[in-house]
Every structure is written in structure tokens, then in C-alpha cells.
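Here's a quick briefing to keep beside you while you look through the model.

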Amino acid sequence: MTTDATTTGPGEALRPHAEDAFAGELRALAAADDRPRPERWRLSPRSVATYLLGGTLPDGTVITPKYVGPRRIVEVAVTTLATDRALLLLGVPGTAKTWVSEHLAAAVSGDSTLLVQGTAGTPEEAIRYGWNYARLLAHGPSREALVPSPVMRAMAEGMTARVEELTRIPADVQDTLITVLSEKTLPIPELGQEVQAVRGFNLIATANDRDRGVNELSSALRRRFNTVVLPLPATAEAEVEIVSRRVDQIGGSLDLPPATDGLAEIRRVVTVFRELRDGVTADGRTKLKSPSGTLSTAEAISVVTGGLALAAHFGDGVLRPSDVAAGLLGAVVRDPSADQVVWQEYLEAVVREREGWKDFYRACREVAA
Ligand SMILES: Nc1ncnc2c1ncn2[C@@H]1O[C@H](COP(=O)(O)OP(=O)(O)O)[C@@H](O)[C@H]1O
Ligand SMILES: [Mg+2]
């Protein structure tokens, strides 16, 4: 979306859209791209994959990795968008479904804002179109009175539409997408017209496989999608890389110190998250109970960002155990009674005994007290 210069100056948005935040990289990729591009795509599929996974262009421009994970996943996702099937990104919370969807739309169409947020209350109009009632009453139903949904705009302009949390949308509203995805048309019975999708149109949906909802995705709709499952980070190193990279980006926009100073604490947070999530210590020796929360990578990112802010404002700017302990406790203990027991056991049986973790153990004890 083009931002109104009078409301938001360049670089002013608290969270710029991917196509703005990485405009330089996208321009460099387009300039270096000598492969065929599908109709209305800004980049070739290969360059879209490079944008997501990172790389170095022939002229030396460095493309930062946005997604850290199996290359094949990204290749399949990008390729799907160049076919007549839509893309469904599935995974547990915090596996970068929204993030990947935004970056794919930015790289393919140069616009990640044609977005429908799925909730239990998402109405059909959010997917089809609504009416400007003042115009409707004054002039009757006409194209001028019609307010197109993001999906309708994407169809008309050959762009990428996004639907977040598809399975939270009521089944009958979801079904609106069947015609869109199979016939590539959106009928407007009030006007006796239709909007036909032009080449370049496709849709990325995300869904949470913890939501009871997934099974409610009708098989008719499911068939229109190619499903790509985003996994949790395979190794602790990969997860540390994801967290520190993202924390640096967020921290930069909040004027926080670089996360590299706190790599030891980031490793610790990731270790705690992974051990509790997996229900076993990293060395495989001690079985653990898992808390009720998801302990996603996204939450690890929040814990570290919060810790850095504490270090910057109330500490010496370096991330220390006491800066992450409170955030960590908040992420782990969601259910005050059950999770509290899980955490106490972990603290006493694992953290306390681990070499080099004494300061961290003390910090955790202090916030728990
Ligand atoms: N594999 C990954 N690669 C890069 N970033 C990741 C990865 N996994 C999680 N993240 C980060 O986690 C954050 C949350 O991801 P999000 O897209 O909101 O998750 P989801 O939509 O799957 O719940 C994003 O800021 C993203 O940078
Ligand atoms: Mg999401």
C-alpha cells in the first residue's frame, strides 16, 4: 500500500511493510534478475526464493535471510504461487507463517497489504466486497458504490492476496473462497457482473495446526490449496540465529543495543524453550514436563527483546540473566498452578545443576520469589 506522506513519513512507520523495509534488496534482486518472471511478478521464482533465504548477488549486494529453514520448503511455496493452486502455510504458532506470507507477497507482487485477517467474526464482505452505504442509498447499486475486498483487488490487479488464520473463519464464509480459487471469478449478483482474476493473482492462507479449526477446512476448499508445513527450527543453533537476527531488527527500530552482546543469554533462553518444549534436556538424559504454553520461537524473540530493553534502560546495556528471567517466567508460566510446578521442577533439577548457569539460576529464583 502506498502510505500517505502526510500521515507517515518514510522511515517513520513503527513497523514498515516488508516491501518498504527491504525495498533496496528487492530493487537489487529485480535488477540482477535475468530469469523469466511469471506474468505480473516482480521477480522470477528463483529470485523470490533468494529474497526469502538470503544470498549474495553477482554485484556483491547481500540479501539478508528472512526465513531460516529448509530451502525446499521455500522453493515449493514459491512454485505453488506460480501455479493455479493457492498456498496454505500450516504450522504451530510462531513458525513464521505470517512472516513468510508477508515476504512472499512483497517479493512476488511488491505489496503485502492485500490482507484479510481471519477471525470467528470475519464476514463474507471481507472476502468478497462491501458497499459504501452513502453512495448505495444516493445512487443505487453501482460499481462506484462497491467497496472491493483485498481479495477482489488482488484478482482484478493480478496480485497476491493474503488470508490470515483461515481456519478461524466460519465455514460458510470460508466457502466463499471456493469459487474464487476454482473458477477464478467473483460474481457480483447485485450488478449482474463479475470480477475475473487476471494472471498474476494468487492467494496465500495461513492456518494454525494447534487450532481445532484445521479439520474444519472443507475438503472442497482444501483441494484448492497446496499445503506447506513450516516446521519448528530443527536445531538450537538455527533457533539462536533466528532469534538474534530478528531481535537485532526489532531492536534497531527501538534504538536498543545490538543483541550480539547478549548471545550467551539468547542461547540460554533458546535452550530453556527447546528443553521444555521437547520434554527432555538437550543431552537427552532428563525427562521434563512440558508447560501449557507453546514456547514458540516468536515468544523467545519477545523475551529477548524485552530483556534488551531492560538492559538498555535500567542496566549497563548488556543483556544479563536478570534481564531475561522475568520475561522467561512469564512465557513459561501461563497457567499459574500447573505451569508453576513444571517450572520449579525444571529450575531445581536442571538449571541449578548445570555448569555455568549459577547466575541464571539465582536470577530466576529472585523473580519467582
Ligand atoms: N524459521 C524462521 N525463520 C525466520 N524467522 C522466524 C522463523 N521462525 C520464527 N521466526 C520469527 O518468529 C516471528 C513470529 O512469526 P509469525 O510469522 O508471527 O508466526 P506464526 O504466524 O507462524 O504464528 C517472526 O518475527 C519471525 O521472524
Ligand atoms: Mg500468524
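**Around the ligand**

Ligand 1 is surrounded by 18 residues, with A96, K97, T98, W99 and A298 the closest. Keep in mind that this is a predicted model. The shell around ligand 1 takes at least three residues from each of domain 1 (18-229) and domain 2 (236-368).

- Three helices, α5 (97-109), α11 (236-253) and α13 (297-314), each put at least two residues into the shell around ligand 1.
- By type, the residues of that shell come out as nine nonpolar, seven polar and two charged.

**The two domains**

- The chain splits into domain 1 (18-229) and domain 2 (236-368), and their C-alpha centres sit 34 Å apart.
- Five residues from domain 1 and eight residues from domain 2 make up the contact.
- On the side of domain 1 that touches domain 2, you'll find three nonpolar residues, one polar and one charged.

**Strand β10**

- Strand β10 (residues 202-208) is largely enclosed by the rest of the structure, because seven of its seven residues are buried.
- In a regular strand, side chains alternate between the two faces of the sheet.
- On β10, N202, I204, T206 and N208 point one way, while L203, A205 and A207 point the other way, and all are buried.
- Strand β3 (residues 86-91) runs parallel to β10 and is joined to it by five bridges; L89 has T206 as its bridge partner in β10.
- Strand β7 (residues 160-164) also runs parallel to β10, with four bridges joining the two; here A161 has L203 as its bridge partner in β10.

Terms used: Residues numbered from 1 in each chain as written. Chains lettered and ligands numbered in written order. Predicted model: local features only at pLDDT ≥ 70, side-chain atom pairs only at ≥ 80, totals over all residues. Near = placed C-beta within 6 Å. Nonpolar A, V, L, I, M, F, W, Y, C, P; charged D, E, K, R; others polar. Domains from an automatic or database assignment. Contact = placed C-beta atoms within 7 Å. Buried ≥ 20, exposed ≤ 12 C-beta atoms within 10 Å, placed from the backbone. Pairing = 2+ DSSP bridges.
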